[in-house]
Amino acid sequence: MYTRKTTIINKTGLHARPASDFVNAAGKFKSRITIKNITEDEGPMNAKSIIHVLSLGMGPGTEVELSAQGEDEKEAVDFLIELIDSGFGE
Amino acid sequence: MFYKGNPVSKGIALGKVYVYKPYTPEITEKTFEPFRIDEYLQRYKDTKASAEMELQRIHALLSDKDPEKAKIFAAHIDIVNDVAITEEIMDAIQYDHFEPDYAIETVFSKYIKMISKSKDPVIRERAADFQDVKNRLIRNWHGIEESNLSTLSEPVVVAAYDLLPSDTAALDRKNVIAIITETGSFTSHSAIIARSYEIPAILGIPSLMSFIRHGEEVIVDAISGDLITEPGKEQIEQYTLMRSQYIKKVRESKEYLDKEPLTKDGVRIDIGLNIGSGNDEEIGHSQFSDFVGLFRTEFLYMSGDSMPTEEQQFEVYKNVLSGFKDKPVYLRTLDIGADKTLPYLDLPKEENPFLGCRGLRLCFDQINIFKTQLRAALRASVFGKLCIMLPMVSCIEDIRSANAIIEEVKSELSEIGIPFDSNVKIGVMIEVPSAALIADMIAKEVDFASIGTNDLCQYITAADRLNPKVTQYYQSYHPALFRLIDYIVSSFNKAGKPISVCGELGGDPQAIPVLVGLGLRRLSMSSSAVASAKAVLSNFTMDQMKEMAQQVKMLPASEDVIEYLVKTQNIKE
């Protein structure tokens, strides 16, 4: 199990396109990946599911925690954290 | 009868109502005998596959014609295949022995309810996508064909409770003359579609579906938001006339794009563009403008995941400068800090960032970033008419220090024999009140200036423009702003130095006559504002605009200014 935290910085949050980008990226890894909304203490939810990600309502400024378990757990979490930190090109 | 709703896509239409009722699934709680689990799981998978096939077909159909809309269906395909939803539906079939349509209904409804309650409007609007996919799955389960608005026999006003993305996918654009719905707002799917097709639309008309009758004649005034049923002969005549006038006005304003920007009495006003990325589309707009009044260079810094190199910047600046050829380009040096941050640049958190280390102050602090940008800009200066514009100047010392750094970079370039235009003009943004109040002194030290009305407004009203709690204090028509602009403009005009406006106000059709009346001859705005700005200018003579400026300066409150401007402009039309 590998876990890291970060904060959503892009201005629309994990909602429309950024949410789809995030879920598609998570889907490429083999590990089970979860995401938790720390700010509002909700989750953890399946990071590969668009509905789970949306249901966490993560706007800009939300602190999140990503965890993964599996053969590519570290790679998966690091990649997704970097994606969030990049601001999804917004 | 008169009914009110939100006009979300402007226009006027008169015609017959077509009441559109999309497929609404009727679901009852149904379970099956456990020995049939495998059969039901297989049938659910088939249903899912056929729903996905429908979506793939629509997606393929749209990806050439309308890539934006195709994206909606790509998102629907993702929802159909969502791992969590699929797993939960299969579990409900396998362990609770729910029939698939009931399983689909249960699982989707749970999530739809959840996101409909979200605080965030962007997420709430997405509930429509899930509703849409749910209905598609259930319809496929029942083997019912899709019905939509793709083939209508005559021009109609489409009335519906709500329009979902799939209802409008293959919308018969020729025959839909207006859209009216019972729910929805400016950001809903129906509104976006209506605006992109330029179909007049009123959404959110309370209990529309209970009073509207299929086939009845209505008037849709999507300018004011009025729906008129059972219109009288006079009303029909009146609105037919209004409709043709409105269409004429829209067409005229589009035609103005290529026109020379002249006041009614023939005074030439220079129209500038605010650009950001410097891409080909932006450069293409040079044909209907006189200069670039604001080239925001932040885009270059914000689009990558590391600091742009001198070479990368040079290529972009060269492209913009050669694209605009002999038209001056006001390149604003890096303006970050406060609300604009760079992911790769770790800046200390400040208590009061809008009054902190931002714009030019940050460049002084990070001198290497500043010098790299200046080198790239100066090197590109041989390809066009570069003007360097410094943001967040608050005192004369700022200008002197920046000039010293620019001179240093110039001499470094000369030493290694790199050519640059030695006549590059240096100017400032006037957006801090202390700079505005010494505009006469600043005019002596610079070649030009541009008024940044957005920041100037927030600094003089002491209202953070990003803080929703103080929006009523951030008044773009505050008389103080006009008085200050008056002082800046007259100081620069007296000194014979070019002065322009590049904030929101510069492209605001209501404010433009006042700005010109105050003595501005150079206005810079986003490309979408140019046509209406030119149209407004042609409506007024210089004397009329001077009179308006005088009046506005004497009004006590922002609301008085707005009332006065609405009144005078309506008389002109």
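**Notes on a predicted model: chains A and B**

1. Let's start in chain A, with one residue pair: Asn37(A) has Val64(A) as its bridge partner in S4(A). Keep in mind as you look around that this is a predicted model.

2. Now the helices of chain A. How do H1(A) and H3(A) run relative to each other? The axes of helix H1 (residues 17-27) and helix H3 (residues 73-85) of chain A come within 10 Å and cross at roughly 165°. An angle over 145 degrees counts as roughly antiparallel, so that is what H1(A) and H3(A) are. Their crossing is right-handed. On the H1(A) side, the residues that meet the other helix are Asp21(A), Phe22(A), Ala25(A) and Ala26(A); on the H3(A) side they are Phe79(A), Leu80(A), Leu83(A) and Ile84(A).

3. Over to chain B, where the domain assignment gives domain 1 (23-141), domain 2 (156-254) and domain 3 (268-572). Between the C-alpha centres of domain 2 and domain 3 of chain B there are 39 Å.

4. Chain B has an open sheet of eight strands with mixed pairing, and its order is S1-S8-S7-S3-S4-S5-S6-S2. At the edges you'll find strand S1 (2-4) and strand S2 (6-9) of chain B, each pairing on one side only. From one strand to the next, the twist averages 30°.

5. Two helices to look for against that sheet. Helix H7 (residues 189-197) of chain B packs on it, touching S2, strand S5 (176-181) and strand S6 (201-203) of chain B, and its direction makes about 50° with that of S2(B). Helix H9 (residues 233-255) of chain B packs on the sheet as well, touching S1, S3, S7 and S8 of chain B, with its direction at about 115° to that of S3(B).

6. Zooming in on one strand pair: strand S7 (residues 217-221) and strand S8 (residues 226-229) of chain B run antiparallel and are joined by four bridges. Within that pairing, Ile219(B) has Ile228(B) as its bridge partner in S8(B).

7. Is Thr229(B) buried or exposed? Thr229(B) sits in strand S8 of chain B, and it counts as buried because its relative accessibility is 4%, where the cut-off is under 20%. Setting aside neighbours within four places in sequence, its contacts include Met1(B), Tyr3(B), Phe211(B) and Val218(B).

8. Leu14(B) lies in strand S3 (residues 12-19) of chain B. With a relative accessible area of 24%, Leu14(B) is partly exposed. Beyond its neighbours within four places in sequence, Leu14(B) is in contact with Ile177(B), Val218(B), Ile219(B), Ile236(B), Tyr239(B), Thr240(B) and Arg243(B). For a sense of scale, Leu14(B) and Lys327(B) are 313 residues apart along the chain, and their C-alpha atoms are separated by 46 Å.

Methods: Residues are numbered from 1 along each chain as its sequence is written. Chains are lettered from A and ligands numbered from 1 in the order in which they are written. This is a predicted model: local features need pLDDT of at least 70, side-chain atom pairs count only at pLDDT 80 or more; totals for chains, interfaces and linings use all residues. Side-chain values use heavy atoms; hydrogens and water are left out. Domain bounds come from an automatic or database domain assignment. Buried means under 20% relative accessible area, exposed over 50%, partly exposed in between (1.4 Å probe, protein chains only). Contact means heavy atoms within 4.5 Å. Two strands pair if DSSP finds at least two bridges between them. Axes are lines fitted to C-alpha atoms, for helices over the stretch in contact, and angles run from 0 to 180 degrees between N-to-C directions. Angles under 35 degrees count as roughly parallel, over 145 as roughly antiparallel, 65 to 115 as roughly perpendicular and the rest as oblique. A crossing is left-handed if the near helix is turned anticlockwise from the far one by less than a right angle, and right-handed if clockwise.
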